[in-house]
Amino acid sequence: TESDGFLPANLMLLPTAWDLHLTLDDYEPRTLTNAILALPWGATNNLGIILLHPADTNGNELADAWEQRYFPEGMPVDPWADDDHDGVNNRSEYRAGTDPTNDQHCLEANLAWVNDRVCIQWTGQPWRVYRIGIQAGPEGAAWDTETFRIEHGLGVESKESWMDEHTAEHDRRAYRLEVLPP
């Protein structure tokens with residue numbers, strides 16, 4: 001491709017399929033075999049969503065770039081340690097996108113009533129995916145398999161919220177906010 005990522009104009013590709021090799025600083029490279037198929041003139045390929053995984057050379061489930069950003073003096077970082085003594089271990093801080101060296105920077109969720117519905121509000125961190133779980137049964141019952149995903153695709157911190165549209169149908173409900181691994 002050219003420097004802007006586009007293929008040159010009037011390019012003719014003769015094979016029937018091509019591999020796609022993706023690289024990005026601080027991420028594991030990935031090759032998709034036969035990802036781009038030959039199509040008639042004017043047609044396009046839809047590659048869908050392609051995920052790259054952060055590089056983790058020491059296998060401790062913390063991205064190397066994250067470890068170097070917050071702990072430049074010592075890798076590997078212990079994922080179970082709590083360096084800022086805020087009650088949240090480094091693994092959870094990494095997943096949440098919070099600063100493991102600042103005990104004031106943490107994931108906080110608030111419940112509010114909005115138009116007779118429960119609303120969960122929190123500050124979304126860049127490129128994180130959140131999942132809301134609901135427990136409609138009695139205490140100790142399993143979490144509902146139907147959960148809600150909220151993707152925070154913005155590159156900046158900003159407010160997120162989720163509203164339970166079925167609040168009135170239940171006299172008791174429990175909620176949990178999870179951060180899925182990056």
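## Basis of the description

The model is predicted, so local features need pLDDT of at least 70 and side-chain atom pairs count only at pLDDT 80 or more, whereas totals for chains, interfaces and linings use all residues. Residues are numbered from 1 along each chain as its sequence is written, and side-chain values use heavy atoms, with hydrogens and water left out.

## Overall architecture

The protein contains 2 helices and 8 strands. Along the sequence these elements follow the pattern β-β-α-α-β-β-β-β-β-β. Helices (H or I, at least four residues) and strands (E, at least two) are DSSP runs, numbered from the N terminus.

Of the 182 residues in the protein, 26% are buried. Buried denotes under 20% relative accessible area, exposed over 50%, and partly exposed the range in between, with a 1.4 Å probe and protein chains only.

Two strands pair if DSSP finds at least two bridges between them.

S3 and S4 are antiparallel and joined by 6 bridges, with valine 114 opposite arginine 117 in S4. S4 and S7 are likewise antiparallel, and 6 bridges join them. Cysteine 119 stands opposite methionine 163 in S7, while glutamine 121 has serine 161 in S7 as its bridge partner.

## The S6-S5-S8 sheet

Another open sheet of 3 strands has the order S6-S5-S8, again with antiparallel pairing. Its edges are S6 and S8, each with a single partner strand, so one side of each lacks a neighbour in the sheet. The twist here averages 20 degrees from one strand to the next.

Between the antiparallel strands S5 and S6 there are 5 bridges. Isoleucine 132 is placed opposite phenylalanine 148 in S6.

## Residues with positive phi

Aspartate 26 is not a glycine, yet has a positive phi of about 70 degrees. Aspartate 26 lies in the loop between strand S1 (17–22) and strand S2 (30–37), and is partly exposed at 47% relative accessibility.

Asparagine 115, also not a glycine, has a positive phi of about 50 degrees. Asparagine 115 belongs to the hairpin of S3 and S4, which has 2 residues between the strands. With a relative accessible area of 64%, asparagine 115 is exposed.

## Nonpolar cores

In soluble globular proteins, nonpolar side chains tend to be buried together. A nonpolar core is here a set of buried Ala, Val, Leu, Ile, Met, Phe, Trp, Tyr and Cys residues joined through side-chain atoms within 4.5 Å. The largest such core has 11 residues: Ala96, Val118, Ile120, Trp122, Tyr130, Ile132, Ile134, Ile150, Trp162, Tyr175 and Val179. Strand S4 (117–124), S5 and strand S8 (174–179) are the elements that give two or more residues to this core.

A second, separate core has 7 residues, among them Leu62, Trp66, Val77 and Tyr94.

## The largest pocket

The largest pocket holds about 1,100 Å³ of space. On a 1 Å grid over the protein atoms alone, a pocket is an open set of points where a 1.4 Å probe fits, with protein on both sides within 12 Å along at least five of seven lines; lining residues have an atom within 4 Å of a point. Grid points are joined across faces, edges and corners, and a volume is the space filled by probe spheres set on the points.

The lining comprises 32 residues, of which Tyr27, Pro126, Trp127, Arg128 and Pro182 lie nearest the centre of the pocket. Helix H1 (64–70), strand S5 (128–135) and strand S6 (148–152) each supply at least two lining residues, and H1 gives the most, with 4 residues. By class, the lining has 18 nonpolar, 7 polar and 7 charged residues. In this scheme Ala, Val, Leu, Ile, Met, Phe, Trp, Tyr, Cys and Pro count as nonpolar, Asp, Glu, Lys and Arg as charged, and the others, Gly among them, as polar.

Key:
Axes fitted to C-alpha atoms, helices over the stretch in contact; angles between N-to-C directions.
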